[in-house]
Amino acid sequence: MYGKKKWYIKILIIIALLLGALFPAFPILWMVLNSFKPNPEIFAWPPTWISKAFSFEPYIEIFQSPEKLRFFFNSYLISFFVVLLTLIISILAAYAFSRFEFPGKGILNAMIISVQAVPPITLLIPYLGLVVTLHLYNTYGALILTYLLFTLPYAILMMTAYMNTLPQELDEAVMIDGGSRLKALWYVLVPTSVPGLVSVGMYTFMRAWNEYLFALTLTKTNDMRTVPVGISLLMGQHAYEWNQMLAMSVMGSLPVLILFLFFQKYFIAGMTAGSVKH
Amino acid sequence: MAGNILIIIKRENINANIILSAKYNYNHLEVEVMLSIKKGMVVLVVLAVLFSMSGTGFAQDVSLEFQQWWGVELPEGELRDIVDGYTEETGIEIELLSNPYADTKDQISAGAATGTMADVVGLDGSWVYDFAVQGSIANLSKLMEADGYDDSQLSDQIRVNGSTYMIPVANFAYPMFVNMDLLKEAGVTELPKTRSEFIEAAEAVTENTDAYGWIIPLSTSTPSGIQNNFMGWLWASGGSMLENGRPNLVGNEKLIKTVEFQKTLFDKELVSPGVYAMTESDMVEEFANGRVAFMIDSLAHLTTLRRGDTDLNMAMMKVPTMDNYNGKSGIGVANWGIGVASNTEYKAESMDFIEYLMSPEVNARIAVAANAFPGNVNAEPEYEGADPLFLDAFEIYKDSYAINEFTGLPTSEQLMRVFAENLQLYLEGDYDSADEMLAVIEDEWEKAFE
Amino acid sequence: MKKIFNSFNKNGHKIEKTPYLYLSPTLILMAVLLVIPIFMVLRYSFFDNVIINNNPVFVGFQNYINVLTDDRFLIAVKNTLFFVSVSVIAHLVIGLYFAMLLNTDYLGEKTKGIFRVIYALPWMFTASVIAILWKMMYNPHGIINYLLQISNLSSANIAWLGSRSYALMAVTLINIWARYPFYMISILAGLQGISGDLYEAAAIDGATPVKRFFYITLPQLKPILISLLTLDFVWTIQQFALIWLTTGGGPISATETLSTYIYKQAFSKYQYSQASASAGIVLLICTILAIFYAKQQKART
């Protein structure tokens with residue numbers, strides 16, 4: 001590489017990294033600490049770091065409530081299907097954008113971005129009406145289809161960028177050997193796109209896992225609801241169950257955290273797509 | 001680029017067979033793509049159908065949906081138990097649907113517009129006018145008449161244009177909560193009865209302790225602080241913000257005095273910091289942590305304040321009145337109201353269910369469980385085992401008249417928000433006088449009443 | 001770049017259908033579930049008091065005129081401009097800075113991996129949780145004031161969200177915190193795609209690190225940065241939950257943005273038509289931006 005690695009630069013970088021880490025990590029740490037406190041202590045002054053009444057009770061209460069566990073189950077199930085379908089649909093679409101020139105390509109490209117621009121709140125009533133007409137109200141299907149709309153634009157954009165970096169020769173080789181386009185896509189482009197797929201998958205999972213407004217509006221019974229709605233149900237008319245809310249968010253983000261740790265190698269590589277020049 | 005050119009050259013060298021086979025491949029591909037897309041769509045539809053079946057379920061007999069936020073507020077399982085009593089009596093199943101309180105209003109709006117509203121809905125008095133005018137909730141007067149229901153047993157009915165649209169199931173009074181430890185520390189020996197005494201007490205607390213004297217939640221996202229915490233002062237002195245059901249703000253002597261009184265508290269810095277973004281629940285946490293001596297709050301909060309290991313030494317008192325006021329005091333109330341969706345198939349059944357909830361015994365049970373006062377005047381709730389503070393508040397309640405002037409007003413929440421925003425401006429010194437502020441608010445309010 | 005498969009076009013016009021077949025799941029989904037509701041919203045915006053009124057009357061551009069002449073809307077536009085521009089720029093700067101730090105070759109993969117996860121933490125929480133978390137910290141008796149006081153930076157219990165002068169900045173900071181990881185990760189990936197040869201050549205020429213940053217890193221990242229800025233602009237302009245759950249647009253109108261304005265129009269004043277008109281304006285702005293983006297994308301390929 002360029003220049004010698006000097007030890008003091010290394011120390012400086014580590015210090016900078018540690019200082020920088022305070023920004024993202026401190027609020028999270030504060031949340032985790034508070035989730036172990038009894039409710040009134042959360043607002044104590046001066047603030048307490050580790051509660052004298054340290055307790056796992058908020059966590060235990062969640063585990064003992066079948067209703068709350070159901071929220072987690074629903075969130076996993078919905079997020080799983082959203083990731084799966086987003087990947088399939090966006091691969092097909094990205095293939096079209098990446099390998100073909102066709103009339104309307106530019107318009108479709110712009111539309112995919114601009115349709116995200118309508119504030120969801122204004123869409124709420126017509127959208128709910130549509131979901132009811134399609135007999136999807138209070139179903140997993142409604143949420144899965146809705147989240148596809150949120151995740152597809154980014155997924156298609158990223159997958160297109162990624163496929164653009166893969167040379168055409170790859171798929172042509174298959175086709176020259178007598179394979180079909182779909183074969184080329186499935187056996188050549190998809191396996192080489194794994195990093196891109198993982199990065200899009202992670203993004204998609206987080207979007208689906210964290211969505212609130214439609215999760216609430218498109219469902220009515222608690223057995224169809226997801227973690228963010230479950231958290232809001234703890235915000236009562238008069239008082240909040242702070243510690244349980246915080247415990248639920250900590251628990252909700254743990255699987256995401258584990259997924260991220262597990263996939264992060266691919267994740268970083270996958271995002272490279274947009275930057276590679278052709 | 002280079003790669004593509006290379007391939008093109010290569011292609012030219014290969015004979016036409018390849019082009020033919022490519023053509024064949026294309027046709028083959030088209031079929032394949034079509035098939036796979038069709039397959040995909042079939043899977044989607046099947047999934048959707050499966051999901052929709054798992055979600056809704058088909059009831060054979062009459063089943064009513066009851067959407068409310070009360071279940072979360074009551075002891076666990078209590079509401080289920082109460083409605084199960086109804087199923088036992090009538091065989092009509094009740095499905096309890098719950099929503100976070102803060103979203104309930106929007107969800108009812110959306111539900112009413114799309115026909116997904118539950119049969120029976122929990123309501124807040126401030127929503128009734130809008131839902132009634134929009135035709136979302138049914139006219140209960142007609143239903144009661146059809147049933148021959150004796151409505152004289154109801155403590156109140158919320159009417160729009162002369163017809164009842166909401167019946168209060170439980171009433172929550174808003175007395176003043178006092179932190180006695182802080183008063184003791186500040187050397188205040190007597191509970192203030194008038195506004196001047198209140199200012200003195202608040203000053204003593206702010207000066208002699210780490211806490212503040214007064215707190216008022218003025219958040220504009222949930223502006224109910226205007227109704228519950230601000231107007232409480234006006235009503236306690238027998239004042240009113242309406243005249244013949246229309247806004248009466250400009251030149252309203254009692255209201256002007258009340259606004260100026262609040263400004264005095266702010267100017268003397270007796271008010272806890274951060275109230276402009278504060279909601280009711282934030283206020284309660286401040287009080288629970290002993291950082292404020294006085295607050296006006298719902299009795300429903302008593303349980304919250306008693307929970308955990310707080311050893312708060314509290315008392316209840318009447319909201320202090322204007323110095324020379326000797327009349328009867330009004331006490332702010334909020335209620336858990338109930339109404340029927342106008343698009344329900346089961347109007348009669350829904351009314352029957354409401355009558356069950358309003359029957360003296362059941363109503364008394366709800367009142368006791370919720371720390372509330374019953375909506376049926378014949379209900380005799382047994383508060384014997386209740387918190388002594390609750391009983392104190394009950395005495396105050398009986399000694400006052402219950403009032404909430406925002407109930408049944410058009411876009412009630414928006415009226416409160418306009419008031420809250422302008423009150424903040426006034427407190428910040430942006431207005432020269434209280435009357436100037438009230439004129440601006442009245443102008444805005446009038447638009448809603450047109 | 002002219003695609004090789006285009007040469008097939010001359011063999012038969014049927015070939016034109018192929019890309020649309022691949023796009024069909026996306027197009028069907030979007031047409032049914034997104035274009036229809038958007039069309040309905042746009043239609044509402046030309047009628048008088050829809051949804052509440054059973055027989056709405058066509059009023060042309062009246063709703064747009066009402067919205068554009070509403071002082072409150074103009075305040076919302078001003079605040080949104082601040083909120084969006086500060087957020088987007090801060091996202092970019094912080095994302096870039098953290099990504100450069102994490103891209104160092106002074107540290108091992110494992111160490112960097114741990115820091116990557118820590119730096120991406122804010123991404124993993126739902127908006128309502130982020131809102132209540134920061135509301136807790138911004139409380140006058142919250143941890144931020146406490147830390148400021150024990151380090152002697154302040155002696156007052158500042159009401160960050162309750163003060164006209166701080167609230168907008170405070171809310172913007174929450175949004176910066178919540179969304180920068182998206183940039184950081186994307187830029188980090190972009191940085192790894194820049195060929196080391198470029199830097200080596202620059203080092204031989206004696207270019208300083210600052211010069212290397214401005215003449216190699218930034219230009220190389222440009223395409224990815226433009227995509228990020230476009231997406232972020234569209235997403236930030238409609239940020240609702242974080243603002244609504246912390247300040248509700250207050251105090252007074254200090255944090256009123258387009259999204260809170262539209263919400264109040266629709267669900268507090270029940271003026272769906274005016275809310276729809278406001279949404280139409282936002283859609284128009286974002287569509288113009290999207291067209292620029294698509295043009296820029298075309299120029300790239």
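## Legends to close-up views of the predicted model

View 1. E413(B) and R417(B) both belong to helix 17 of chain B and are separated by four residues, about one turn of the helix; helices here are DSSP runs of H or I with at least four residues, strands are runs of E with at least two, and both are numbered from the N terminus. An α-helix has 3.6 residues a turn, so residues three or four places apart point the same way. The side chains of E413(B) and R417(B) form a salt bridge with the closest N and O atoms 3.5 Å apart, the term standing for a side-chain nitrogen of Lys or Arg within 4 Å of a carboxyl oxygen of Asp or Glu. R417(B) is buried, with a relative accessible area of 1%, where buried means under 20%, exposed over 50% and partly exposed in between, with a 1.4 Å probe and protein chains only. A salt bridge also joins E413(B) to K105(B), at 3.0 Å from N to O. Because E413(B) lies in helix 17 (residues 412-427) and K105(B) in helix 5 (residues 101-114) of chain B, this pair ties together parts that are 308 residues apart in sequence. E413(B) and K105(B) are both buried.

The model is predicted, so local features need pLDDT of at least 70 and side-chain atom pairs count only at pLDDT 80 or more, whereas totals for chains, interfaces and linings use all residues. Residues are numbered from 1 along each chain as its sequence is written, chains are lettered from A and ligands numbered from 1 in the order in which they are written, and side-chain values use heavy atoms, with hydrogens and water left out.

**View 2. A salt-bridge network that includes residues of chains B and C.** E421(B), R72(C), E256(C) and K264(C) are linked in a network of salt bridges. Over all chains, the structure holds 21 salt bridges.

**View 3. Helix 12 of chain B and the residue that follows.** Nine of the nine residues of helix 12 (residues 280-288) of chain B are buried, so this helix is largely enclosed by the rest of the structure. Just after the helix, G290(B) adopts a positive phi of about 70 degrees.

**View 4. A nonpolar surface patch on chain A.** W7(A), Y8(A), I11(A), L12(A), I15(A), L19(A) and L22(A) make a nonpolar surface patch of about 800 Å²; patches consist of residues with over 30% relative accessible area and no salt bridge, with nonpolar side chains (Val, Leu, Ile, Met, Phe, Trp, Tyr) joined within 5 Å and like charges within 9 Å. L19(A) lies in helix 1 (residues 7-35) of chain A and counts as exposed at 56% relative accessibility. An unreviewed UniProt entry lists residues 7-33 of chain A among the spans annotated "transmembrane region". The end C-alpha atoms of residues 7-33 lie 36 Å apart, and the span is 100% helix and 0% strand.

**View 5. A patch of negative charge on the surface.** E57(A), E61(A), E67(A), D223(A), E241(A), E76(B) and E95(B) gather in this patch. D223(A) lies in the loop between helix 10 (213-217) and helix 11 (227-233) of chain A and is partly exposed, with a relative accessible area of 31%.

Note on methods. Areas by Shrake-Rupley, 256 points an atom, 1.4 Å probe, with all protein chains shown as cover. Lys, Arg positive; Asp, Glu negative; His and termini not counted. Charge placed at Lys NZ, Arg CZ, Asp CG, Glu CD. UniProt positions renumbered as here; feature names shortened; annotations may be inferred.
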